[in-house]
Amino acid sequence: MARDGILFSIIIPSTGKRPKALQQAVSSVEKAGRFAGLELGQLEIIIGFDGVKGTRPQSAYPLQCFNLPRDNDWGNGIRQTLLKVAGGEKLIFLDDDNVIKPYTLRLYMRHFDAEMVIGRIDTQLAFDKPYLPVEDEGSLVRQGNIDPLNLCVSRRLVERCGGWLFQGKYEADYLNIRKWHRRAHSLTVVEEIVGVYDAGRNLDNSALSRRQMNLLDRLANERGVPATGLGRPMAPALSSVRA
C-alpha cells in the first residue's frame, strides 16, 4: 500500500571528527532508500554536530545539518534535540561510524505496522561477538546485548515515552531501548542483519574512540605488532571515555 509523507527519519549525532565515516553512513542510508524504492519526500536524514561546525555530507535525499551547542554526552542530548525536528513515522538512530545494510529499509517497510522492530547487527569489527543481539535464554533487551542500530521504532512510541531520556548516563542507549520495549504496543524480531557496527572505524584514523583504540591495540599485540607502529595517536588514559 502506498504511504504519503516522511516514512523514515534517520537521526545521526556526530562529533564532526569523522567526516569520511559520516559520509559512508549517509551513503548507506541513500543506498537503502533507493533499494526500498523510497521517493525523496519519504526519507530524511538529520545530523547534529556536537559543538562544532561539521562537514556536511552529500545525499540525494533531504538532509538537515545542525551545528549544536557542545553537549559532550555521547550524543544523548543531540538525539533528543533532533527528535524535535524529525517528521518521519519511523525512527532509526545511526551513529556516524556505523552503516545500515542496503536492504534494511525495505525490510522495515514489510513490518511497518510494528512499533518496534529488532534486527541483528554485524559486530565483528567491534566485539568478539559476531552479531547482536545474541539469542539465548535471557531477554534480547538487556545491557550489552542490544544497540540503537538494532532498531526501527515508531516516532509515536518514542514520543509516548518522553523522547530520548536518561541524558548524562553512560547506559542511556540501553535504558531508552528498555523503556520503549516495555511500552511498545507491537514488536517484531527479524533474523536479517540490518547494520554494521564500526563500519567506518578506519576511515578517519585520528578520530578513533577509546574502545576502538583498545581493540586495535589488542589485535596488534596478538599479532606481535607494536602499538607505536599502528600509525595513529595513542589511546588517552581516560577511563571515562565512552565507546
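## Helix α2 and its buried face

In helix α2, the buried residues are Asn76, Gly77, Ile78, Arg79, Gln80, Leu82 and Leu83, where buried means under 20% relative accessible area with a 1.4 Å probe and protein chains only. That's seven of the eight residues in the run 76–83. Helices here are DSSP runs of H or I with at least four residues, strands are runs of E with at least two, and both are numbered from the N terminus.

This is a predicted model, with local features needing pLDDT of at least 70 and side-chain atom pairs counting only at pLDDT 80 or more, while totals for chains, interfaces and linings use all residues. Residues are numbered from 1 along each chain as its sequence is written, and side-chain values use heavy atoms, leaving out hydrogens and water.

What do the buried α2 residues pack against? Their partners are the strands β1 (8–14), β2 (43–50), β3 (63–68) and β4 (90–93), plus the helices α4 (155–160) and α5 (172–183); contact is heavy atoms within 4.5 Å.

## Arginine 79

Arginine 79 sits in α2 and counts as buried because its relative accessibility is 3%. Its side chain gets to the backbone oxygen of tryptophan 74 at 3.3 Å.

Beyond its neighbours within four places in sequence, arginine 79 touches Ile11, Pro13, Trp74, Phe93, Asp95, Trp164 and Asp173.

Terms used. Buried < 20%, exposed > 50% of the residue type's maximum accessible area, 1.4 Å probe, protein only. Polar contact = N/O pair within 3.5 Å; in protein donor to acceptor, adjacent residues only side chain to side chain.
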